[in-house]
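Good morning, and thank you for coming.

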Amino acid sequence: RGEDFGYDGVIGPTHWGERYRECAGKHQSPININVLRVKQVSLPDIAFVGFDDSIDGVHVSNNGHTVLIEVENEPHPRVRGGPLEGDYVFSQMHFHWGDNDTFGSEDKINHRSFPMELHMVFFKEEYNNVKEAVLHPDGLTVLAFFYELDRHQHPAYDDITSALLNVTEPHTTVVMNNPFSFLNILPYDLRRYFTYRGSLTTPPCSEVVIWLDFEQPIRLAHDQIEVFRELKSAHGKITHNFRPIQPIGDRVVFYNID
Ligand code: 1SD
Ligand code: ZN
């Protein structure tokens, strides 16, 4: 299998560049966002199309690296506006987390880590699918959301965590019991975000991603995050699946406020 990578030892992030050339590139993700160095901008509004729909038959799977949430039926939710030219169509969402609540996010803000991060992956419509889109520098956009601890459970996450209990084994899938709405699992403020050009954070690390990192975190209870840490890969529990930060190089991070 050419697709074997992990987060520790000889298949860990420091070795990805040996098998996947692009992982050693100069515009990689994740990065640390230094808020004192961002360029403040006022971009057009983002349209979150279909984000408040109730979607039936959503698939939750364990792909051995993370939890994947996929939508079967068309039309898929989409985004346009902000820094994006054209429409981007939803492909899948997934999560990155750490061994405990003090780290686990991929990007950092002023060197602060968050316990978990959500990635919603979209491909540019004109490229038709992710496979074609990754051949173009503007092929993908990933909406990234940080998690922060809350003393209370987040009810919209109960459907996800109950599905997770049934996909602890790698390469297993379940269909969600209840209709799923994107907006329900997101933070309230979607207007303030950081945006920069970067890469996939997993091999092959293609430098094709317009990243949007939303400033307001999603609040989740410790117990709810713990359920993610129960998932298994071929090598045991997926205790962490975040890539360490990469050099920012000559890139500028923009900060959108309206
Ligand atoms: O890690 C994901 C990977 O699983 C895949 O979804 C890829 C897009 O095809 O994106 C990366 S990431 O950069 O969104 N972490
Ligand atoms: Zn990701």
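**The zinc site and the disulfide**

In sequence, the residues that donate to the zinc ion (ligand 2) follow the spacing H-x1-H-x22-H. Please bear in mind throughout that this is a predicted model.

Which atoms coordinate the zinc ion (ligand 2)? They are NE2 of His94, NE2 of His96 and ND1 of His119, at 2.0 Å. The four donor atoms around the zinc ion (ligand 2) subtend angles of 97 to 119 degrees. Four donors count as tetrahedral if all angles lie between 85 and 135 degrees, and the arrangement here is therefore tetrahedral. For reference, the ideal angle for four tetrahedral donors is 109.5 degrees.

His96 belongs to strand β7, residues 88-97, while His119 belongs to strand β9, residues 116-124, so the pair ties together parts that are 23 residues apart in sequence. Are His96 and His119 buried or exposed? Both are buried.

I turn now to the cysteines. The count comes to one disulfide. It is formed by Cys23 and Cys205, whose sulfur atoms are 2.1 Å apart. The torsion about their S-S bond is about 85 degrees, and the disulfide is therefore right-handed.

Where do the two partners lie? Cys23 is in the loop between α1 (16-19) and β1 (32-33), and Cys205 is in the loop between β12 (193-198) and β13 (209-221), so this pair ties together parts that are 182 residues apart in sequence. Cys23 is buried, with a relative accessible area of 7%. Cys205 is buried as well, at 0%.

Terms used: Residues are numbered from 1 along each chain as its sequence is written. Chains are lettered from A and ligands numbered from 1 in the order in which they are written. This is a predicted model: local features need pLDDT of at least 70, side-chain atom pairs count only at pLDDT 80 or more; totals for chains, interfaces and linings use all residues. Side-chain values use heavy atoms; hydrogens and water are left out. Donors are N, O and S atoms within 2.8 Å of the metal (3.2 Å for Na, K and Ca); water is not among the atoms, so sites may look incomplete. Four donors count as tetrahedral if all angles lie between 85 and 135 degrees; four count as square planar and six as octahedral if opposite donors are over 155 degrees apart and all others between 65 and 115; anything else is irregular. Helices (H or I, at least four residues) and strands (E, at least two) are DSSP runs, numbered from the N terminus. Buried means under 20% relative accessible area, exposed over 50%, partly exposed in between (1.4 Å probe, protein chains only). A disulfide is a pair of cysteine sulfur atoms within 2.5 Å.
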